[in-house]
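I opened this entry to keep track of what I looked up in the structure. The notes go element by element.

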Amino acid sequence: MTSSSDVRSPARTGAGLALRGAVLGRPGAPVLDGVDLQVAPGEILTVVGSSGCGKSTLLRTLAGLLPPLAGEVTQDAGPLTGPAADRALIFQEDALLPWRTLRANVELPLAIKGLPRSERRAQAESWLTRVGLAEQSRQLPHRVSGGQRQRAQLARALAGAPRAVLMDEPFGALDAQTRAGMQDLLVEVLHGTGATVVFVTHDVDEALFLGDRVALLGAGRLLAVRDVPRPRERAAHDDPARIALRRDVLTSLGS
Amino acid sequence: MTRYASRIASLAAALGLWQLLTSRDVDLWLRFSQFPTVTDVARAFAGRLTGPDYWTDLTDSLTRILTGFLLAAVLGVAAGVLVARSRLAGDLLGPLLEVVRPIPAIALVPVAILLFPSNEQGIVFITFTAAFFPVLVSTRHAVRALTPVWEEAVRTMGGGRWRILGSVVLPGALPGVFGGLSVGIGVSWICVISAEMISGQYGVGYRTWQDYTVVDYPGVFVGMVTIGVLGWLTSTAVELLGRRLTRWLPRTSYVPGGRTPRRVRGAASGIPASPTTKENVPHDQLV
C-alpha cells in the first residue's frame, strides 16, 4: 500500500451540486417535481426512498445523463449540461466492461484522460490494491464475485479523480455482511479524495451510517433533508438521536 | 481423442457407403449406376493435383471469396453500426437496404455484368453482396442489444462518441458480429461457386461446370469435394477467430456430453472430466 498516496490529490476539492425547482424524468414522464437540493462540496449525501420513487432519476440527472425537464441543475454555480469525467457514476451491478480485465476497466477513465500506458497501468494497480483486488487485477469481471466487481467499479470511478461520485445502490445486490464491509471500504477509500458523494440506497441503515445528511424521496418529490448525528461511526447506531432520526425517516417513508 | 475418432469414423462410413453403392451399380429408384466410385474420384483427384489448373482454380476462387468476404465484413459492420446508432442513417439507409436484402445475390449476375468492366470484379461483387447482409443484420441487432449501462459508464468517465464506439459498441457487438460472419462465409461460398459457373474463367466453380459439360463426372466430384473442404476450412477459421476474440464471454461450466471446457486443457490434465475448474469457483474471500 506504499503507492496509495500518489493517487490521492488532497488539494482537490469536491464539486458543489444544486437543483433548483427541478422537474426530473424522461420527456413526457416526470418522476420528481419541484426538487430544491444543495449538495455541499465534500459532503456525503445519502438519498433514500422506496423503489420507483425517482432515486435513480435524480442521480442520472446529476450525472448529466438526463437533462432536467424544468428548473436548473448546477455544478459550482455553472450549469450542468452533460456527462463529464469529474462526476463519476457507480451503478448497481454489471457496469464493468466484461471483455476487459479488472485492471483494464480501471485504466479506462485514465485512458480517456490521455494518460500514457505505463502511468495508467501503475495507477490502476494502485487503486485495485487499495480496494483489495491486487490479486484479481488480471481477471475478467465474470470470474470474480459480485462484491469484488463492485469494488472494481469503485476503483474505476475513483481512478478518474472525480470531484463528485454518484452511487446508484452500489451495494444493493450484495449480502448483508459483504455490504457492511463495502461500506467501511468506501469510507476508507473516499478519505482524502475530497470528493462530494451522492449515495442512493433503499436501505435506511446504510443511509444513516454513510451520510452527513440524508435526503428522503417519496410521492414524486423531495420530502426532507436531515442532518445525521455522528455519521460513519459504527458505534453510533444506538445513539438516541440516531434512533429518533431512523424512526422519523421510516415514518415519513411510510413503512 | 475419442471425438476425433468418431469424426473420422463418420466420414469413413459415408465414403464406404458411397463406394459400396456405386461399385455395385445399385439401382433402387435412386440410380447409382452412372455415379463415379470413390476410387474413380480419388484417381481423378490425384491427377488434378499434379496438373497446373487445379491450383490456379483454387487460388482464383480463394482470392475472389476472401476479397468479397473481407469487404463485406468491414462494410457490413460499418453499415450495421451506423444504422443501429444513428437515426438519420437508419432513415436514409434502412429502406434501401431492406429492399435490396431479399434479392438473392446470385440474381445480381446481370447487374454485375452491366456494372463492372471485368468478370473478376463482378464475381467479387456478388460474393460481397452475399455476405454483406448477414453481417449487417447481425451487427445491427447486436449493437441494439448492448447493455445501456456500459455506454453510460463510459460517458460519465468523459468518453466521447469515438471512445464509446471503440470501447463499448465494437467489442460489445463482437459476439453477434461473428454470428453474421459465420453465416456470411457460408453464403459467400455458395455465391462465388455459382457466379463462377455462370460467368467465370478459372475457379473451382468454373472447372466443375466445365467437367459437367464434357461429361467428366469424376471431375465434377473432385470439384465438389474441393468446395466442401475449402468451405469447411474457411468457416472453421472464422469460428476459431470468433472464439478467440470473444473469450471474455461467460461460458457455462456445464458442457453437454461430458466435453471438457476448452480452458481446462493442460491446467487439469489429470482430471479431464471435471465439469468445473478451480478458476470457475467464485472467489469468496470478500471484505
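**Chain B, overall**

I am working from a predicted model. I looked up the secondary structure of chain B and found 10 helices and two strands. Read from the N terminus, the order of elements is α-β-β-α-α-α-α-α-α-α-α-α. Chain B has 287 residues, and buried ones make up 31% of them. I also checked its contacts between residues at least 6 apart in sequence: 66% of these join residues at least 24 apart.

**Chain A, four-stranded sheet**

I turned to the open sheet of four strands in chain A, which has the order 2-1-4-5 and antiparallel pairing. Its edges are strand 2 (29-39) and strand 5 (78-79) of chain A, each of which pairs on one side only. Inside the sheet, strand 1 (residues 17-26) and strand 4 (residues 70-75) of chain A run antiparallel and are joined by five bridges. I noted one pair of bridge partners there, A18(A) with T74(A) in strand 4 of chain A. Helix 2 (residues 55-63) of chain A packs on this sheet and touches strand 1, strand 2 and strand 4 of chain A. The direction of helix 2 of chain A makes about 120° with that of strand 1 of chain A.

**Chain A, six-stranded sheet**

The other sheet I looked up is also open, with six strands in the order 6-7-8-3-9-10 of chain A and mixed pairing. Strand 6 (87-90) and strand 10 of chain A are its edge strands, each pairing on one side only. With direction ignored, neighbouring strands of this sheet are turned by 15° against each other on average. I checked one parallel pair: strand 3 (residues 44-48) and strand 9 (residues 213-218) of chain A pair over four bridges. In that pair, V48(A) has L216(A) of strand 9 of chain A as its bridge partner.

**Contact between the chains**

Which residues does the contact take from each chain? I found 30 residues from chain A and 22 residues from chain B. On the side of chain B that touches chain A, helix 7 (148-156) and helix 8 of chain B each supply at least two residues. Helix 7 of chain B gives the largest share, six residues. By type, this side of chain B divides into 11 nonpolar, six polar and five charged residues.

**Cores**

The largest nonpolar core has 114 residues, and those touching the most other members include V47(A), V198(A), A131(B) and V135(B). Helix 8 (residues 161-199) of chain B gives the most to this core, 15 residues. Apart from this core lies another, of five residues, among them A44(B) and F221(B). I then listed contacts of A131(B) beyond four places in sequence; they include F69(B), A72(B), I185(B) and V187(B).

Most residues other than glycine have a negative phi.

- R230(A) is not a glycine, yet its phi is positive, about 50°. I placed R230(A) in the loop between strand 10 (221-227) and helix 8 (240-252) of chain A.
- D25(B) has a positive phi near 50°. D25(B) sits in the loop between helix 1 (2-23) and strand 1 (27-28) of chain B.

Terms used:
Residues numbered from 1 in each chain as written. Chains lettered and ligands numbered in written order. Predicted model: local features only at pLDDT ≥ 70, side-chain atom pairs only at ≥ 80, totals over all residues. Core = buried A, V, L, I, M, F, W, Y, C linked by C-beta atoms within 7 Å. Buried ≥ 20, exposed ≤ 12 C-beta atoms within 10 Å, placed from the backbone. Contact = placed C-beta atoms within 7 Å. Nonpolar A, V, L, I, M, F, W, Y, C, P; charged D, E, K, R; others polar. Pairing = 2+ DSSP bridges. Axes fitted to C-alpha atoms, helices over the stretch in contact; angles between N-to-C directions.
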